[in-house]
Amino acid sequence: PPQGDGVNTNLAFMISQFPDEWVFLTKRLHTEGLIETAESQDLYSDFMKQRLNHEIIVEIRLWTAMRMQSVAKTVIGALQYGRALASLPKIKQWYAQFPEKRVAEDHVE
């Protein structure tokens, strides 16, 4: 997998999180005849220098997007965790005002 070049990019981050999958993508693109070499560093370098055709760029963007979505959901969830915890007293207070309503904890398995 490519080593960091000091440039902070989403692609570099995703490669650092999924290095084996980046190598597999490179090998697949090489096997399909879309790139000349199976070296993952070369693919990253060519992408950064915009030396790839549109089809390969779409493949790389799709590869990144499919992995970024789960990473983004994890980060967003972590950022919202504090807000969710802070809202618990307000929820309990609301249910205390309306005892005939079911308590939120009743819905948790």
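You are looking at a predicted model, in which local features need pLDDT of at least 70, side-chain atom pairs count only at pLDDT 80 or more, and totals for chains, interfaces and linings use all residues. Residues are numbered from 1 along each chain as its sequence is written, and side-chain values use heavy atoms, with hydrogens and water left out.

**Stop one: helices 2 and 3**

Select residues 19-31, helix 2, and residues 40-48, helix 3. (Helices are DSSP runs of H or I with at least four residues, numbered from the N terminus.) Their axes come within 9 Å and cross at roughly 85°; axes are lines fitted to C-alpha atoms over the stretch in contact, and angles run from 0 to 180 degrees between N-to-C directions. That makes the two helices roughly perpendicular, a term for angles of 65 to 115 degrees.

Now show the side chains: Trp-22, Val-23, Thr-26 and Leu-29 of helix 2 meet Ser-40, Leu-43 and Tyr-44 of helix 3. Contact here means heavy atoms within 4.5 Å.

**Stop two: helices 1 and 4**

Next, pick residues 10-17, helix 1, and residues 54-97, helix 4. They pack at an angle of about 70°, with axes 10 Å apart, and are therefore roughly perpendicular to each other. On helix 1 the contact includes Phe-13 and Met-14, and on helix 4 it includes Trp-63 and Arg-67.

**Last stop: Gln-50**

Finally, find Gln-50 in the loop between helix 3 and helix 4. Its phi is near 55°, a positive value in a residue other than glycine. Is Gln-50 buried or exposed? Gln-50 is exposed, with a relative accessible area of 70%; exposed means over 50% and buried under 20%, with a 1.4 Å probe and protein chains only.

Note on methods:
Parallel < 35°, antiparallel > 145°, perpendicular 65-115°, else oblique.
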